[in-house]
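Reader: I have this one open on my screen and want to go through it bit by bit. Can you walk me through it?

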Amino acid sequence: MTDLPRKAITRTAKLAALPLGFAGRATWGLGKRIGGRPAEMVAREVQQRTAEQMFKVLGELKGGAMKLGQAMSVFESALPEEIARPYRAALTKLQEAAPPMPSRTVHAALEERLGPDWPELFQEFDDKPAAAASIGQVHRAVWHDGRVVAVKVQYPGAGEALLSDLNQLSRFARVLGPLVPGLDVKPLIAELRERVAEELDYELEAASQRAHAEEYAQDTEIVVPEVVHQSDQILITEWMEGIPLSEVIADGTQEQRDRAGQLLARFLFSGASRTGLLHADPHPGNFRLLTGDAPDGPVERWKLGVLDFGSVNRLPEGLPKPIGIALRMALQGDAMGVYELMRGEGFVKPTIEMDPDDLLDFLLPMLEPAQVDAFVFDRQWLRSQAARVADRHSPVYELGNQLNLPPAYLLIHRVTLSTIGVLCQLGATVRLRDELEAWVPGFAQDPEPEDGAEEGAEAEEGTGTGEATEAGEATGTGEAPEAAQGAEEKSEAAETSA
């Protein structure tokens, strides 16, 4: 595949082959079971073949198809090892690359956006792409002032392809869902669809990257490349050398894994507080581990490079305070406090009644990383959590389906889940509680109030339905009304449970 397939009939046919292929393999599996093979073994083989075909097709099509593939790929750690192993390499490749555009298409795009004299803007320009993603590909070049730069060129017809793919994929989301236990694909697709306009707008992306680059300019641990030039469908930024996170996942030392994991958690929780923006595309292709002049240590000098700010959640007040308060109360065993706060924020609808202790029992295993000084994120832990909430015969599954995910929290939830998925792919030991205390409002115990202020402080915290609700509503900034509608449609199911 050498160009972005844009004809709707071509893309639709390829995507339609996914559920048809699944149906065919299910029939094949039935025959195998009739022939005497164990049902569980046959089911695993069917699931494995379906996954292999899915990621192959999604990678070839780029556009919204690949966008969904990238979003799902971070949950690979939740799959049983015998299923995950055969296509883990394909997932890593999907996170880092896709079939490139021909050079003539790239040159035509540069001429259209930068003018006929575009070659004069560069001392060098490498026609072979250094990376390719869902809506564009990146070329290494040398800017006219001598800086090494990354030139991101948007695929022609990317917007049309994105919408077409996601609309088509939403029609058979139920087929894709079982590939990742505990993940409800339908609201994920809805959320990706509603953010298409922002993904395609390189001016917005440039503004978000500039905000991060300015904030982290003096940071000793997080590096964000500066924006060099931006025009419609072309974005030029400083080039960043480093070890792609996908390579650290595949072959990194434990020191590299632990350092990358700690910095990834730090960036996730600090970004919203420091910039008012939450990086909303945390798949491994967007991160680099920068060992610099200390590749053999000390690890304290290694940094995390962050790329691709096309998808962000605008949180001008930082992460909502109710998140931190709920986490703290849960770890303190305050079941009623958690229940009342979650009801006030809309996680428990007014028509739903549940036992606060059951709710706390549902949440605490997921909060294990915040209960200890350092937690080992591994695939086994994530698989156990996915299996726990995906078991339809379990009370946990029933309780999870009663919970609701308010639209204002949808993207925060997805980013957090995705980051946890990457940490488990890394197998990193992370001091997560340190990051929560430093960056999540409400998580750290408030200092003792002075005399006369105690009553006001207690009233402020309350059940989290006052200030907490306002903070939650503030997270809706920049969310499209359609996103809220799509999130409401099926937000209380297994995605919340995951």
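Reader: Start with β7. Is that strand enclosed or open, and why?
Author: Four of the five residues of β7 are buried, so β7 is largely enclosed by the rest of the structure. Buried means under 20% relative accessible area, exposed is over 50%, and partly exposed lies in between, with a 1.4 Å probe and protein chains only. Strands are DSSP runs of E with at least two residues, helices are runs of H or I with at least four, and both are numbered from the N terminus.

Reader: Before we go on, what sort of model is this?
Author: This is a predicted model, where local features need pLDDT of at least 70, side-chain atom pairs count only at pLDDT 80 or more, and totals for chains, interfaces and linings use all residues. Residues are numbered from 1 along each chain as its sequence is written, and side-chain values use heavy atoms, with hydrogens and water left out.

Reader: Fine. Which way does β6 run against β7, and over how many bridges?
Author: β6 (residues 227-231) and β7 run antiparallel, joined by four bridges. Two strands pair if DSSP finds at least two bridges between them. Q230 is opposite L235 in β7.

Reader: How many residues of β4 are buried?
Author: Six of the seven, so to speak mostly covered, over residues 148-154.

Reader: Where does P284 sit?
Author: In the loop between β9 (277-279) and β10 (287-290). P284 counts as buried because its relative accessibility is 0%. The C-alpha atoms of P284 and Q425 are separated by 9.6 Å, although the two are 141 residues apart along the chain.

Reader: Now helices. At what angle do α14 and α15 cross?
Author: The axes of α14 (residues 335-345) and α15 (residues 356-363) cross at roughly 90° and come within 8 Å. The two helices are therefore roughly perpendicular to each other; angles of 65 to 115 degrees count as that, under 35 as roughly parallel, over 145 as roughly antiparallel and the rest as oblique.

Reader: Which residues meet there?
Author: A335, M336, V338, Y339 and M342 in α14 meet P356, D357, L359, L360 and L363 in α15. Contact means heavy atoms within 4.5 Å.

Reader: And the protein overall, how many helices and strands?
Author: There are 23 helices and 14 strands. Buried residues make up 53% of the 498 residues.

Methods:
Axes are lines fitted to C-alpha atoms, for helices over the stretch in contact, and angles run from 0 to 180 degrees between N-to-C directions.
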